[in-house]
Each structure stands twice: as C-alpha cells, then as structure tokens.
Amino acid sequence: MDHVVRVRGASEHNLRDVDVDIPRDAMVVFTGVSGSGKSSLAFGTLYAEAQRRYFESVAPYARRLLQQVGAPHVQEITGLPPAVALQQRRGAPSSRSTVGTITTLSNLLRMLYSRAGDYPPGAEHLAAEAFSPNTVAGACPRCHGLGVVHDVTEELLVPDPTLSIRDGAIAAWPGAWQGANLRSIVTGLGIDVDTPWRRLRKKDRDWLLFTDEQPSVLIKPERDRVDHGYHGKFWSARKHVMHVLADSTSERMRERALRFVRDAPCPTCHGSGLRPEALAVTFAGRSIAEVNALSLVEVVALLRPSAEQPEESHEVAVRICADLVARIDVLLDLGLGYLSLGRSSTTLSPGEAQRLRIATQLRSGLFGVVYVLDEPSAGLHPADAAPLLDVLDRLKASGNSLFVVEHDLDVVRRADWVVDIGPGAGEGGGRVLYSGPVAGLEEIEESATSAHLFGRSPRFEHDLRTPQGWLSLRGVSRHNLDDVSVDVPLCVLTAVTGVSGSGKSTLVTGVLAEDPAVHESFDRLVLVDQRPIGRTPRSNLATYTGMFDAVRRLFAATDEARARGYGAGRFSFNVPEGRCETCQGEGFVSVELLFLPGTYAPCSTCHGARYNTETLEVTYRGKDIAEVLAMSVDDAATFLADVAPASRSLETLRDVGLGYLRLGQPATELSGGEAQRIKLATELQRARRGHALYLLDEPTTGLHPADVALLQRQLHQLVDAGNTVVVVEHDLDTVLTADWVIDLGPGGGGAGGRVVAAGTPAEVAASSGSVTAPYLARRLAGG
C-alpha cells in the first residue's frame with residue numbers, strides 16, 4: 001500500500017501550480033519565511049480538501065449546520081485521510097467558554113458532583129446539568145450564569161458632583177430635547193435643578209439615579225421650548241442606561257451608555273454563575289466553584305486517590321476521579337498546570353488554546369487521521385516545547401499523520417520529513433524548494449530555512465549597552481506577581497523571559513503599561529501587542545498605517561479627478577460617493593443558500609474592486625485606486641517610491657518583513673504576529689524625538705528565523721535612537737541580542753511570579769535557579 005499523499009497542481013493563494021508527495025504516518029513539517037505559502041498548502045489545500053470530502057458525505061440539510069471551508073484550487077489530491085485542524089485561533093469570543101469546556105473536563109467534574117458529591121441534609125439530588133452555569137437548571141437567576149452583573153454607580157453617572165442638574169451633573173442622561181424634558185419633569189417633581197448635585201438630599205439623589213418608578217408629570221408651556229403643555233414620563237439615570245443597552249440599535253448610543261456601566265461579581269452567586277443549591281454540594285470539602293478556581297496542579301492533588309482514602313470509598317467517585325486525573329496529567333505534561341478550569345477562553349493566548357485542543361485530541365483515541373497543526377510551539381518556552389513534542393510523538397504513535405506548519409528549528413529537527421516553501425514571501429514564494437528528510441535540506445542554497453537550520457546565516461552581533469539609569473518597581477502585586485520588586489534598565493533592550501504563565505505578560509503589558517509612575521518617567525509609552533488592528537474587513541493595512549490618506553490625495557490631484565471635482569474623500573470605499581453601492585464598498589456580497597450555509601461571493605457589479613465605475617475611471621500612472629490597493633507592499637514600494645509619505649510607510653513595513661502583504665489586506669485576515677509588526681512599523685515611521693518606552697509581547701511569535709533577524713535590527717534601531725525597549729520573549733536568539741534579561745519563574749501560575757535572575761544574557765545563563773539558564777547557556781555555546 002502506498003503511504004503517500006499526492007498533491008498535483010495546487011494554486012491556492014500564492015502557490016504556483018505545486019506538485020508534491022507527502023508521506024503519511026509521519027511528522028511532516030512545512031517551513032518557509034512568513035507569507036511563503038506554508039499555510040496555503042497545509043491548511044488552504046490539504047485540510048480544506050479533506051473537509052470538502054467529508055462534507056460531501058453529509059446530508060445536505062445537515063451541511064448548513066457545519067462551518068464549511070471552500071473547495072481549494074488544486075487539480076488532484078490522492079491518498080488523503082480525514083483531517084483534523086488544530087489552528088492558532090484566539091479563544092472563543094463567548095465569555096461562557098472556559099478551559100473546562102474546551103477540554104470537556106467540566107462535564108466530568110459536574111458528573112462527579114452530581115453522583116458523588118456531599119449534599120446538605122434533606123437536599124434533593126441534582127442532575128449534572130444543575131452544576132453548569134450554562135443551563136437553565138444551573139444558572140444563577142440574578143446574573144444568568146455569567147458570574148458578573150452590569151450595573152451603574154453614582155461615581156460613573158455623576159462624574160462632577162459640583163455641577164447642578166441644569167449644568168449636566170447627571171452625565172448619563174440624554175442631551176438636547178430629551179435632556180431638557182427630563183429637567184422640566186424634575187422641576188415639576190419639586191427638586192431644584194440649579195442646586196449643586198452634592199448639596200441635594202441623599203434620598204433625592206438616589207431616587208433620581210436608581211428608581212424604577214416612572215411618574216408622569218404635566219409640563220407647562222415654556223418659552224423657546226414648548227408651545228403647549230404635555231405629560232412627560234420620568235426615567236432615572238439607571239433606567240435610561242439599561243433601556244439604551246437593551247433596546248437601542250445605535251452603536252454610538254450603546255457605546256456612550258457603556259461608559260456608565262461597570263462589571264462587578266454577582267452578589268448572589270459571588271461570581272460562580274451557579275444557583276445556591278449547586279454551591280451547597282461539596283466534594284473533598286470544596287464546592288464546584290472552588291475547584292473551578294484552583295490551578296490544574298491543585299485539582300490533581302485534590303482528586304488523586306491518596307493512601308488515606310477509605311476502602312469503601314464511593315466507586316463512582318474513584319472512577320471519575322481517575323479519568324479526570326488522567327486527562328489533566330496530559331495538560332500538566334504540556335506545561336499548562338497553572339491554568340484553572342474556570343479560566344475564560346477569551347483570556348487564553350492562541351498557543352495555550354491550541355495546546356488544550358491537542359491534549360483533548362490525545363484522549364480522543366482517533367486512528368488514521370491527519371492532524372494539521374499551526375505552529376504548536378508558538379509562545380512556548382523551550383522547557384515547555386520538549387513535552388509538546390513528546391505529546392505529538394504520542395499522537396503519531398497512535399497511527400496518525402502530523403502535518404505541522406512550524407518556524408521553531410528544534411521542532412523542524414525532530415521531523416521525519418520537511419516540505420520547504422519559498423524562497424521569498426507572497427509573489428516571491430509559492431514554490432516547493434525541497435521535500436524530503438531533514439538532512440537533505442542542507443543542500444538547498446536558496447532556502448532561508450536551510451541557512452538558519454544548518455548555521456550558515458550570520459548571527460546579529462552588537463556591543464552590550466550600558467544602562468543610562470533605572471526604573472525601579474517595588475512591591476508589585478498583580479495576578480501571580482506577589483510583592484515583586486524589579487529594576488528595569490533605561491536606554492537598552494531588555495528581554496523578559498520565563499516559562500508559560502510565569503508572569504511575563506502581567507509585568508510588561510499589565511504593570512509597566514499601566515503604572516502612572518512609569519508613564520511619568522518617559523516622554524511616550526508605546527504598547528505594541530498582538531490584538532487585531534481592526535475587527536472588520538473595512539479596516540486594512542493601508543488605512544491603519546495612514547498611508548491610504550497619501551494615496552487618496554495622489555488620485556485627487558490628478559487632472560481627471562480635478563476636472564470632475566473629486567476630492568480625496570471620493571477615493572474611500574467607506575463613503576457613498578466613491579464606493580460601489582451594490583456591496584456598500586465591501587467588495588463581496590452575502591449569498592443565502594437553501595440547503596447550504598450562507599456564503600460570500602465577489603460583488604457582481606464591481607467584481608471585488610469596492611468602488612463604482614466612475615471612481616475607477618481615474619488613474620494614476622495607469623493604475624486605478626483598486627489596483628493600487630491590490631498591490632503587495634513590495635510592489636507598491638517601487639510604484640510609489642517618489643511619494644514621500646507613502647514611501648516611508650512602505651519601507652518600514654518591508655523592514656519588519658511584511659513586504660508580501662497587500663495594501664488592501666483586510667484586518668480580519670492578519671495573524672496576531674502580523675498585526676503586531678504592522679503596529680511596530682507604524683510606530684517606526686513616525687519621526688519622533690524624546691525618550692519613549694516600547695513594550696512588546698512576544699514579537700517573534702509566528703516568525704521565520706530570517707524574519708526574526710529583520711525584527712531584531714528594528715528593535716535595536718529603536719534603542720540606538722535613545723529609547724528603552726522591553727520585550728516578552730521566548731526566542732533564544734532574540735534574548736541573546738538583548739542588553740539585559742529579567743527571568744521570571746521558576747514555574748507557572750502560583751509557582752511563578754518571582755524574579756529568578758536578572759543581568760546580561762551571559763550572567764543569566766550562568767544562574768542556578770533559572771529554568772531558562774541551561775537553554776540560554778547551550779545557545780551561547782553555539783548549540
């Protein structure tokens with residue numbers, strides 16, 4: 001039997017008619033620089049085709065319930081087994097999704113409490129769903145299972161108590177006619193609208209802000225406002241805010257109302273989301289809410305059968321506990337012991353979420369499946385990467401194939417087979433440079449992966465800088481940082497290291513980014529994180545960097561545009577004058593299908609250009625505005641070389657390795673790493689003076705070593721310009737280029753949160769208590 005997946009004529013995205021044979025029952029790693037086409041082959045072609053075949057076997061009426069992927073651009077694929085994708089998605093946007101629900105551990109825990117919990121005397125038995133905040137049977141009636149309530153406070157509703165009601169003391173009330181109407185009603189109720197708020201009686205203040213009463217008051221005619229009398233209905237500030245949030249369709253009004261609302265733990269269930277009956281049931285002396293709040297390490301210690309357990313111990317409890325412990329042990333192997341079952345999935349990093357899914361798959365017992373993984377080592381400390389590779393080996397040993405998109409060279413070295421795509425990104429990539437055992441890649445001269453894997457690429461060298469002062473933080477306590485004191489050197493590059501969950505991001509993006517004392521020490525503070533640059537397709541690379549303004553002005557300055565009276569606004573796809581009205585400037589339209597899920601198709605009027613015909617008739621150097629937006633950054637840099645504002649922006653994007661992106665690439669299509677580098681490029685192009693503090697959270701995540709080298713140069717240029725740069729980082733090559741290293745740990749969660757070592761990379765590498773030290777020492781020695 002031929003154990004090979006044969007791909008013929010793959011042309012998805014930038015792939016150039018790729019033919020490749022990939023072995024099954026092996027760990028195959030897809031490598032190449034960012035944007036070369038790795039994901040287009042692994043996910044866009046192989047996984048998409050496996051999904052398409054699966055969906056064809058499903059009844060049409062059931063297909064619409066499944067999230068489908070389109071048919072890939074490929075002539076033929078043979079020998080492809082069913083596939084499971086484990087992608088780096090952000091946690092599910094639902095606040096009801098938790099570590100427990102992702103891993104299905106919550107189901108077992110609820111069963112344990114239902115079947116083997118200690119009930120109060122006389123309490124009736126509860127079904128397992130009564131221990132879930134996501135069911136009617138279990139949800140707290142006050143907060144509906146969310147654990148938080150949204151409510152207003154006097155401080156938010158009345159930010160300035162020195163003002164009178166007439167002067168706008170109740171900021172939450174509407175303005176214009178409605179506001180004047182409410183003031184007239186308050187006057188009719190006998191409350192003085194000209195007295196400063198703080199001098200009103202407490203009883204009147206509370207009534208105005210919080211009452212549910214809605215008395216109707218006769219408003220007499222007023223000069224300049226109303227010609228005849230009418231009955232006006234009173235709305236308290238809280239009732240008005242809640243009414244807007246519940247019923248208003250205006251996004252602007254809702255956003256305004258949210259300014260007066262604060263989230264607080266539900267006073268009824270104390271944040272657990274559960275009914276009192278469920279919280280009264282205990283196991284090992286703890287309620288289910290208390291167990292959900294423990295770290296996984298603590299949960300295992302609680303559930304693992306101990307020598308003291310009586311022989312007649314509940315058989316159901318023993319069996320469920322054993323299953324829970326076995327499942328959690330896999331998570332502990334993956335370095336996730338610091339997480340809790342109740343932790344919201346929205347707070348997980350993409351790497352953490354993917355490792356949770358990998359652990360769940362390991363217990364699923366599937367056989368003969370292709371697992372397609374997206375950079376499983378991303379965001380992992382080298383100490384956590386080794387157990388991950390062991391888990392992947394176990395998946396392979398169970399009779400499965402692993403197709404892994406990866407940049408980490410240690411993972412590449414462990415592969416049975418490597419498919420290297422390149423040589424460049426975007427149009428400069430899309431070719432298979434090599435497909436075979438790892439050792440053979442050394443012969444491929446044009447491969448950037450080969451150069452870094454076999455040590456042919458030069459390392460970034462620089463002299464260690466001397467700190468020009470220190471920023472001292474004392475007694476910091478947040479999350480798992482407990483009374484930590486740390487000194488951050490100024491005018492140098494500092495790398496903050498440590499295992500996953502040790503407190504690195506808390507220190508940098510939490511404490512340093514938000515501490516007022518830190519802000520006062522610098523002229524500017526710039527936080528460059530991996531959050532999206534926009535949440536809709538209307539936000540794109542060109543609009544975010546500000547480059548699009550310069551491009552629109554170029555088109556508006558052409559003779560044709562001036563003759564037609566078109567201003568720069570005409571060339572925006574967000575305004576009615578210039579955009580295609582069929583698709584409202586989106587470039588695509590939603591197509592509703594009867595038995596299949598709704599899908600998107602290019603707009604039949606503008607064919608995806610987003611603009612109307614008249615706007616596209618205006619050209620600059622033979623290109624219309626849609627054609628310019630379709631250019632890659634590399635192509636646009638040549639086309640707009642003499643347009644200073646655009647050229648500077650394009651060059652900085654190329655400097656951080658983003659030359660392959662399209663100018664009009666929607667924000668929704670960008671990875672977290674790409675979004676972070678766009679923010680960095682936008683910052684780099686601003687010629688600013690003064691001493692700035694730059695904070696970056698794992699900027700090398702998702703980057704090929706060749707792109708990491710580009711990024712390192714940019715970070716050091718920022719320092720050379722007189723700024724302070726602090727990066728959270730796992731990439732050892734980047735850590736070695738730093739002037740100073742702060743290592744947190746020694747473990748994750750409760751076992752972390754302390755400064756284990758601080759000093760130059762060489763000093764930290766020699767430290768005895770640091771988990772990072774041996775890996776750093778090995779890399780320093782050339783390993």
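Trainee: Where is the place of S649?

Mentor: This is a predicted model. In it, S649 sits in helix 26, which spans residues 644-655.

Trainee: Is S649 buried or exposed?

Mentor: The general idea is a cut-off: buried means under 20% relative accessible area. S649 has 1% relative accessibility, so it counts as buried.

Trainee: Which residues does S649 touch, not counting residues up to four places away in sequence?

Mentor: With those sequence neighbours left out, S649 touches T545, M547 and Q685.

Trainee: Now the nonpolar cores. Which residues of the largest one touch the most other members?

Mentor: A core of this kind is a set of buried nonpolar residues joined through side-chain atoms within 4.5 Å. The largest one here has 71 residues. L640, L663 and V725 touch the most other members.

Trainee: Which helix gives the largest share of this core?

Mentor: Helix 21, residues 547-556, with seven residues.

Trainee: Next, helix packing. At what angle do helix 8 and helix 9 pack?

Mentor: Read the angle together with the distance between axes. Helix 8 (residues 237-247) and helix 9 (residues 251-258) pack at about 140 degrees. Their axes are 9 Å apart.

Trainee: Why is helix 8 called oblique to helix 9?

Mentor: Roughly antiparallel needs an angle over 145 degrees, and roughly perpendicular covers 65 to 115. The pair packs at about 140 degrees, and that makes helix 8 oblique to helix 9. The crossing of the two is left-handed.

Trainee: Which residues meet where helix 8 packs on helix 9?

Mentor: From helix 8 come V241, V244, L245 and A246. They meet M253, R254, A257 and L258 in helix 9. By class, the contact holds seven nonpolar residues, no polar ones and one charged.

Trainee: How far apart are the axes of helix 27 and helix 28?

Mentor: They are 12 Å apart. Helix 27 covers residues 672-684, and helix 28 covers residues 705-720. The packing angle is about 40 degrees. Roughly parallel needs an angle under 35 degrees. Helix 27 and helix 28 are therefore oblique to each other. Helix 27 passes helix 28 in a left-handed crossing.

Trainee: Which residues make the contact of helix 27 with helix 28?

Mentor: Helix 27 brings R677, L680 and L684. Helix 28 brings L711, Q714, L715 and L718. The classes are five nonpolar, one polar and one charged.

Trainee: Back to single residues. Where does T187 lie?

Mentor: T187 lies in helix 6, residues 176-188. Partly exposed is the band between buried, under 20%, and exposed, over 50%. At 46% relative accessibility, T187 counts as partly exposed.

Trainee: How far apart are T187 and I219 in sequence and in space?

Mentor: They are 32 residues apart in sequence. In space, C-alpha to C-alpha, they are 9.3 Å apart.

Trainee: And where is Q214 found?

Mentor: Q214 is in the loop between helix 7 (202-210) and strand 7 (216-219). Its relative accessibility is 27%, so Q214 counts as partly exposed. Not counting residues up to four places away in sequence, Q214 touches K233, F234, W235 and K239.

Trainee: How far is Q214 from E674?

Mentor: They are 460 residues apart in sequence and 52 Å apart in space, C-alpha to C-alpha.

Notes:
Residues are numbered from 1 along each chain as its sequence is written. This is a predicted model: local features need pLDDT of at least 70, side-chain atom pairs count only at pLDDT 80 or more; totals for chains, interfaces and linings use all residues. Side-chain values use heavy atoms; hydrogens and water are left out. Helices (H or I, at least four residues) and strands (E, at least two) are DSSP runs, numbered from the N terminus. Buried means under 20% relative accessible area, exposed over 50%, partly exposed in between (1.4 Å probe, protein chains only). Contact means heavy atoms within 4.5 Å. Axes are lines fitted to C-alpha atoms, for helices over the stretch in contact, and angles run from 0 to 180 degrees between N-to-C directions. A crossing is left-handed if the near helix is turned anticlockwise from the far one by less than a right angle, and right-handed if clockwise. Ala, Val, Leu, Ile, Met, Phe, Trp, Tyr, Cys and Pro count as nonpolar, Asp, Glu, Lys and Arg as charged, and the others, Gly among them, as polar.
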